[in-house]
Amino acid sequence: SPAPQRHLPLRYLQISSFANSSWMRTDGLAWLRDLQAYTWRNDSDTICFLKPWSQGTFSDQQWKQLQQTFQVYRRSFTRDIREFVKMLHVDYPFEIQVSAGCEELPGNTSESFLRVAFQGRDVLSFQGTSWVSAPDAPPWGQMACTVLNQDQGTRETVQWLLHDICPRFLRGILETGKSELEKQVKPEAWLSSGPSPGPGRLLLVCRVSGFYPKPVWVTWMRGEREQSGTQQGDIVPNADETWYLRVTLDVTAGEATGLSCRVKHSSLGDQDIILYWDRSHAS
Ligand code: PBS
């Protein structure tokens, strides 16, 4: 049966596009595991809550302060990058991505991270108390870190956000968002045939959709025997905060009868979904 999910990270993702010396935009979003709970669009002064539990257990006052810290950060970030462009002779256009967050670990501990990517590649990260350039960063990565590390105030704020605020805030939203994180939505499953893999061959397709949470187990079986040729696709998101998976098996036309697709998911309890292949599925 599917492995349960232990990881409950809180993740902030930022995309900043710098087109030229006058046009840029920054958009931010944040997720609790696979649920998007915040959005912060370029044209909005404030961080927008997407869930009733987004504020966690922080008071209005605490949230207001935190938001102010982020507002100062966003303005300063843009100004700093423009400065870096001049100093490091970087060319427009480019994209910067920032990802940061934290996760609870067993034993009342937590782990935090902050990484910055330039044109999709890691350039620097925050480690312990300072900025460190990535192993295969361009030469100016080191230079950027040296400059950033001179700002003691920012280093302290980043440590505070990563190691104090993030884990505390996460603990709160795990409480307020508990019922949504624990929601169970049953999958639907159906069979069809895919494009023929060759003469006299059939591609049996089993589609499973609408399930939550993500862990699922789907395989083609003959009786109780799992078919080793089963090909799993990626588990991909639907638009409604549920997941979708496609699982195929390439067989000769004669082998198809007697095969079934079996689905195990936490929402189904012991009642696995079993769908049998028959000629009506071949079209
Ligand atoms: C084209 C080259 C690209 C290079 C990539 C560089 C990536 C840099 C990432 C840097 C992120 C921090 C940017 C802002 C920071 O430098 C600084 O200007 C401001 N600091 C803060 O806002 C602190 C919070 C940072 C949170 C990061 C979360 C993702 C403003 O700093 C000034 O004010 C603060 C107080 O508000 C302090 O007094 C600080 O000493 C002062 O410099």
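Start by selecting C261: this cysteine is buried, with a relative accessible area of 1%. Keep in mind that you are looking at a predicted model.

Show the side chains and you will find a disulfide joining C206 to C261, with 2.0 Å from S to S. A disulfide is a covalent bond between the sulfur atoms of two cysteines. Look along the S-S bond of C206 and C261: the angle about it is -75°, and the link is left-handed. Colour the strands next. C206 sits in strand β10 (residues 201–211) and C261 in strand β16 (residues 259–264), so this pair links distant parts of the chain, 55 residues apart.

Next stop: select C102 and C166. Their sulfur atoms are 2.1 Å apart and form a disulfide. This link is also left-handed, with -90° about the S-S bond. Are C102 and C166 buried or exposed? Both are buried.

How many disulfides does the count come to? It comes to two. If you number the bonded cysteines in sequence order, they pair as 1-2, 3-4.

Which cysteine sulfur is nearest to that of C48? Select C48 and you will see that the sulfur of C166 is the nearest one, 20 Å away, and that C48 is in no disulfide. C48 is partly exposed, at 37% relative accessible area.

Finish at C145, which counts as buried at 2% relative accessibility.

Methods:
Residues numbered from 1 in each chain as written. Predicted model: local features only at pLDDT ≥ 70, side-chain atom pairs only at ≥ 80, totals over all residues. Heavy atoms only, no water. Disulfide = S-S within 2.5 Å. Buried < 20%, exposed > 50% of the residue type's maximum accessible area, 1.4 Å probe, protein only. Helix = DSSP H or I, 4+ residues; strand = E, 2+ residues; numbered from the N terminus.
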